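Here is a note on the chain shown below, written as numbered points for someone who is new to reading structures. Please keep the sequence and the 3D view side by side while going through it.

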Amino acid sequence: MGLFDPADPRAGHESTLELIRFGEELGFDSAWLRHRHLQFGISSPVAVMAAASQRTSTIELGTAVTPLGAENPFRLAEDLATVDVLSGGRIMPGFSTGRPMNFERYQDAIYPDTLEQEVLGYDRLLRLRSFLRGDAVGEAGRAGIEEFSDRVEPHSPGLADRLWYGAAGLRSAQWAGENGFRLLTSSVIAGENGTTDFASNQAEQIRAYRAVHPDGERARVSQGLVVIPTDSATPTQRARYRDYVDSRAGRVGVAHGPRRLLFAADLLGTSAEIAERLRDDAGFREVDEVAFALPFTLEPEDYVQILGDIAGALGPALGWRPGVEKGREHTAPLP
C-alpha cells in the first residue's frame, strides 16, 4: 500500500520500492501495488511501477486494483504502455469498474460538471483494452514536420493480453471470463451462495469465471490473501502480528451491508500451519497463483521478515520455487 508520513512522503515511497527490489532478490514472481486516493498511500501506482521498473529486471509489476472511474482510459493507456516499454514488458495492471471506493470525496475534483454524463461501467475497461491493443483512435498522417499515428503511442505488444479484472461477485467474475480478462479475486467478496463461508463463495466465483472464459481451466486467476508467517519472527513481532489479526477478526464470518460482503480471515502462524490451512481452503484449491497481501500498518523490518518467510518456507511448502516464472530462475541467495 506504500503508507507514508504526509510530512515526508518520499520515505514511504522509497520503502515500497526497496521492498519490490528485495522481493525480486528473493525470487518472487510479481509485486502488486494498491491504489488509494486522498490517503497517505500510493495514489499513482503507474508512476511507482515506472520507478520500480528501473530498479529491477525480472519481477512482474501489477496494480490491485486501479479504479477506472477515476481515470481517463486514453491517457491511462499512454502511461501504461510507456511503463511497459520501459520495464521490458513486465507490467500486468489490474482494474475495477463502477464507482470507486470513497468516490464521493473526490468525484467533483475529477468531474466538476460532467459526472452525470460519465459511464463508469465495464465499457471503460473495454475502451482501455482497445487502446492498448492498438486499435485506431484517429487518422494517421503528417501535418508539416509532425507525424501522427492512428493508435495510442507508444504501442507495447502483448500488454492488452495481460490485464486483470478485480471481481467481487459472480456477475463481474463471469463478465471478466466472457471478455477474456485475467481474474483477481481478493480477500473481500460478495456472499451470494446463501452462506457466510468465504471460501465456498470464492470457489464458486472462480468456477463460474472459468466456465465462460475462452481458456477454460487454463484461465489465470490470482487469489489475494493476507498471510503472516512467524517462522523467523521475534516475540515482539509475533505479539504485534497477533494484535493486528485480532483487531480485524470480528469482521470475518459475517455478511456486511446490502451486498453481503465477506472478508477472508488473516492467516497467522508458522509456514507449516498456514500451508495446512490453505490446502483446506476451497478457494485456494481452485487457483494456481496467490497474491499474498502485506498488512497495512507494520514496520519495514516486519515486511522483510514476512517476505523472507514466504519465500524461504511458506512458498516451498506449497510447491512454489523462487523465480521460475517465464523460465527465468533467480540465483540470489536468501538473506
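1. What percentage of the 335 residues in the protein chain do buried residues make up? Buried residues make up 46% of them, where buried means under 20% relative accessible area, exposed means over 50%, and partly exposed lies in between, with a 1.4 Å probe and protein chains only.

2. Before reading further, note that this is a predicted model, in which local features need pLDDT of at least 70 and side-chain atom pairs count only at pLDDT 80 or more, while totals for chains, interfaces and linings use all residues. Residues are numbered from 1 along each chain as its sequence is written, and side-chain values use heavy atoms, with hydrogens and water left out.

3. The protein chain holds ten helices and twelve strands; these are DSSP runs, helices being H or I of at least four residues and strands E of at least two, numbered from the N terminus. Along its principal axes, the C-alpha trace spans about 70 × 45 × 45 Å.

4. Of the contacts in the protein chain with a separation of 6 or more, 69% are accounted for by residues 24 or more positions apart, a contact being heavy atoms within 4.5 Å.

5. The largest nonpolar core has 70 residues, and those with the most contacts inside it are Leu80, Leu128 and Leu132; such a core is a set of buried Ala, Val, Leu, Ile, Met, Phe, Trp, Tyr and Cys residues joined through side-chain atoms within 4.5 Å. Helix α10 (residues 300-317) gives the largest share of this core, six residues. Apart from it lies another core, of five residues, among them Phe103, Tyr106, Tyr111 and Leu120. In soluble globular proteins, nonpolar side chains tend to be buried together.

6. Leu132, leaving aside its neighbours within four places in sequence, is in contact with residues including Ala77, Leu80, His155 and Leu163.

7. Ser222 sits in strand β9 (residues 221-229) and counts as buried because its relative accessibility is 4%. Beyond its neighbours within four places in sequence, Ser222 is in contact with Trp164, Leu183, Leu184, Thr185, Glu289, Val290 and Ala291.

8. Is Gln117 buried or exposed? Gln117, which is found in the loop between α4 (107-110) and α5 (122-133), has 55% relative accessibility and therefore counts as exposed. Its C-alpha atom is separated by 48 Å from that of Pro322, which lies 205 residues apart from Gln117 along the chain.
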